[in-house]
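Good morning, and thank you for coming.

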Amino acid sequence: MTSSDRVTATYLIETAFPLEQAATTMAGEQSTGTFVRVPGETDALREAHAARVEELVELGDVAAPSLPGSGLPKGGDDARRRTARVTLSWPLANFGPSLPNLLAAIAGNLSELKAFSGLKLVDLKLPPTFLDRYQGPQFGVAGTRALAGVHDRPIIGTIIKPSVGLSPEATAEQVRVLVEAGVDFIKDDELQADGPHCPFDARISAVMRVIRDHADRTGKKVMYAANLTGEIDEMLARHDHVLAEGGTCIMASMNSIGLPAMKVLRAHSQLPIHGHRNGWGMLGRSPALGMSYIAFQKLWRLAGIDHTHVNGIDNKFCETNESVIASARECLTPMFDAPHPGCEILPVFSSGQSVMQAAATYQALGTTDLMFAAGGGIMAHPHGPAAGVRALLLAWEAAVAGVPLADAARDAPELRAAMGAFGG
């Protein structure tokens, strides 16, 4: 069996046990082993199916356990809590090219093991055999750009706010304001799917009338990500309604629907899928538990999303800028070597974004292959939404050209006003 037949996963661990013992415990728990050798666990079976410890790098000690409930080695404790980076590998034959069963192996019972006071999945690498079963993104970066009609700059996006409470007609009126302002992309908030005050079909029909009319007059068809999150049969029917109304994007909350449902949606869909990551904080916020977004987004790229949120520079949430950029960069990095498709997707920057973050985002990421979603940064501009969109375009133009924002704003009143409003 070659390395291409194996799945690898990398973790950060914290333990009072000797590191080699802890890593071996991880491998055994998630493959052939239990706490004692059992009948039937032959040497041949272990050779064929046991997980392997591929790398173990000690990182240092911590003063106290990060998580409750951890145990100590039998016979005493040397008072050390060690941290390390551990990479394990599994033969694909253990679970086949199945994302649900892959998850059981790489993220099953590990976090509950008493030997660990910290254990977090930080990366994984899959063999291209998974592409025999999963389609990956249908549109990705290039296809999304083509549908949005935006090239050589970021796609400028925004979100319907307030998140809930608007009727279909009120939602359509806000869309009218936004499309006339020149925005490229609008999305439903993840809290608005098919509530009784704003039914999905009625909302999308009302919104698409506005978008079609604007396209007829201007030639620009704004992309609207309709949140169709629901049961599988509901999502497929909602997709068909968006398609019939001339829509060019759908959105689903990834954690809410799960990987198998996303696979079904991708197989059915004729539109880009905007994968919303709400709920990821439960997995990603703790440094000692859960899963990094670098690992998380690979699963969903394979399942078929075309864009996903990565938070934003200087965001309103708890994520660091370094983590945001690492996630965005990973979305644009091929998962598989040529000639296999790389499954690259469009990273979506959001959360308190305005003209003030454009330069830092470009400097850190080094590309304009991204969506830059600003709510207040557009709607709260002192001169109105059109000036908000214009200011963002000018800020990104300056960022790419290496021109300081203040210099670019000298002859641009929209940019000066935006800096005054959002610079604090």
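Let us begin with Pro162, which sits in the loop between β5 (155–159) and α5 (168–181). Helices here are DSSP runs of H or I with at least four residues, strands are runs of E with at least two, and both are numbered from the N terminus. The model is a predicted one, in which local features need pLDDT of at least 70 and side-chain atom pairs count only at pLDDT 80 or more, while totals for chains, interfaces and linings use all residues. Residues are numbered from 1 along each chain as its sequence is written, and side-chain values use heavy atoms, with hydrogens and water left out.

What kind of peptide bond joins Lys161 and Pro162? The bond is cis, with omega about 0°. Another cis bond runs from Ala338 to Pro339, with omega near 10°. Pro339 lies in the loop between α12 (321–331) and β12 (346–349).

In strand β11 (residues 307–311) we find Asn311. Its phi is near 70°, a positive value in a residue other than glycine. For context, most residues other than glycine have a negative phi, and most peptide bonds are trans.

Let us now turn to the domains. The domain assignment, which is automatic or taken from a database, gives domain 1 (6–132) and domain 2 (139–423). Their C-alpha centres lie 36 Å apart. The UniProt annotation, from an unreviewed entry, places "domain: Ribulose bisphosphate carboxylase large subunit C-terminal" at residues 141–421; such annotations may be inferred rather than shown by experiment. That span is 49% helix and 13% strand, and its end C-alpha atoms lie 32 Å apart.

How do the domains meet? Contact, meaning heavy atoms within 4.5 Å, links 22 residues of domain 1 with 22 residues of domain 2. The area buried between them is about 1700 Å², and carbon and sulfur atoms give 73% of that area. Buried area is the accessible area (1.4 Å probe) that two parts lose on being put together, summed over both. Leu99, Lys120 and Leu131 supply 33% of what domain 1 buries against domain 2, more than any other three residues.

How many salt bridges does the rule find across the interface of domain 1 and domain 2? The rule, a side-chain nitrogen of Lys or Arg within 4 Å of a carboxyl oxygen of Asp or Glu, finds one. The side chains of Lys298 and Asp123 meet in a salt bridge, at 2.8 Å from N to O. On the side of domain 1 that touches domain 2, α3 (99–106) and β4 (116–125) each supply at least two residues. The largest share of that side, nine residues, comes from β4.
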